Amino acid sequence: MKWLWVVAFVAPACTVPYNGTGDRDNGDRARCAPQHSPLGTEVLLQCPGGLAEWRWGGTVLGTSPAPGLALPNASLAHEGNYSCHHPGTGETWATICLRLGYPPSPPAIECWATSYPQAVNCSWALTPDPLLDTDFVATYRHGTDTGECERTGPRSCSFGDLQVFSLTPYVVNVTAVNPLGIASGILPFLLENIIKPDPPEDLRVSPIPGETTKLLLEWSPPASWPFPEYFPLKYHLRYTRDNDSVPTTIGPFEPTSHILTDVEPGTLHHIQVAAKEVADFGESSAWSPPASGTPWEGP
């Protein structure tokens, strides 16, 4: 039989409950050595004695000869706290906390700038999920300048002090580390190419007195876009009539208001607005939450 030898990583001790069959000399809690192993492989739980009785929590699994207990094709159902004992006296020889998962894959990184030119936000994902506690180190480089991408969440970070219109790309590096391995991913980009504003805010739809086929639309730039007078945005609108599933999209417009013409009299209209950097850099924002209104219907 081909054995899989697993190196245990240092971690806080786990415990197994006292089961009343010889563990009392070790106290009600026995120190537990962590063992991390890949899912779907054959895992060997080693015991320092020879022939040993194995228990999983409070369940007796039977006896196994040296070097230990083999778990073929280990699945998440095999996770837990194992202990090996003298088959006659029940003396505890070793306890093992088995945790299963995967080594990390290279992180898939996405970066965008909602508050251009002040900050870049990045997030990353691992496929498949390692299922084990995984630490991340996130850094960025711009030419010879390097810095730490400040963590904003378990799998996200942000950095500032940016140089706009630079022809030198920024490079973000995220390294994932868990007990089964280490992997890094990088994302190079020019700052202007990752601009993605937040959606516009405070969209208002108002009837125009005396106009039965028009609606006044007004909105504000996203609050996260700090300098709209120096870095203007352009806007697209999309709207549907009540019970109409096919939206109509118009634009772009640079003002933050627009009169929608040729609307159907007496019909409720649902409108959304999206923003993009005026020189067409980067991506459009997501659509704003919808606002609704009906044209003027007379006194």
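A disulfide is defined here as a pair of cysteine sulfur atoms within 2.5 Å. The structure is a predicted model, in which local features need pLDDT of at least 70 and side-chain atom pairs count only at pLDDT 80 or more, whereas totals for chains, interfaces and linings use all residues. Residues are numbered from 1 along each chain as its sequence is written, and side-chain values use heavy atoms, with hydrogens and water left out.

Under the sulfur criterion, the count comes to 4 disulfides. When the bonded cysteines of the chain are numbered in sequence order, the pairing reads 1-4, 2-3, 5-6, 7-8. One of these links is formed by Cys-149 and Cys-157, with sulfur atoms 2.0 Å apart. This link of Cys-149 and Cys-157 is right-handed, with 85 degrees about the S-S bond. Burial is assigned from relative accessible area (buried, under 20%; exposed, over 50%; partly exposed, in between; 1.4 Å probe, protein chains only). Cys-149 is buried at a relative accessible area of 1%, and Cys-157 is buried at 1%.

A further disulfide joins Cys-32 to Cys-97, with an S to S distance of 2.1 Å. The pair links distant parts of the chain, 65 residues apart, with Cys-32 in strand β2 (residues 29–38) and Cys-97 in strand β8 (residues 92–101). Strands (E, at least two residues) and helices (H or I, at least four) are DSSP runs, numbered from the N terminus. Cys-32 is buried, with a relative accessible area of 3%, and Cys-97 is buried at 1%. The sulfur atoms of Cys-47 and Cys-84 lie 2.1 Å apart in another disulfide. Its partners are 37 residues apart, with Cys-47 in the loop between β3 (43–46) and β4 (52–56) and Cys-84 in strand β7 (residues 80–85). Both Cys-47 and Cys-84 are buried. The torsion about their S-S bond is about 85 degrees, so the disulfide of Cys-47 and Cys-84 is right-handed.

The structure also holds 8 salt bridges, each a side-chain nitrogen of Lys or Arg within 4 Å of a carboxyl oxygen of Asp or Glu. Among them, Asp-280 pairs with Lys-234, the closest N and O atoms being 2.9 Å apart. Through shared partners, salt bridges join Lys-234, Lys-276 and Asp-280 into one network. Within it, Asp-280 is partly exposed at 43% relative accessibility, whereas Lys-234 is buried at 14% and Lys-276 is buried at 15%.
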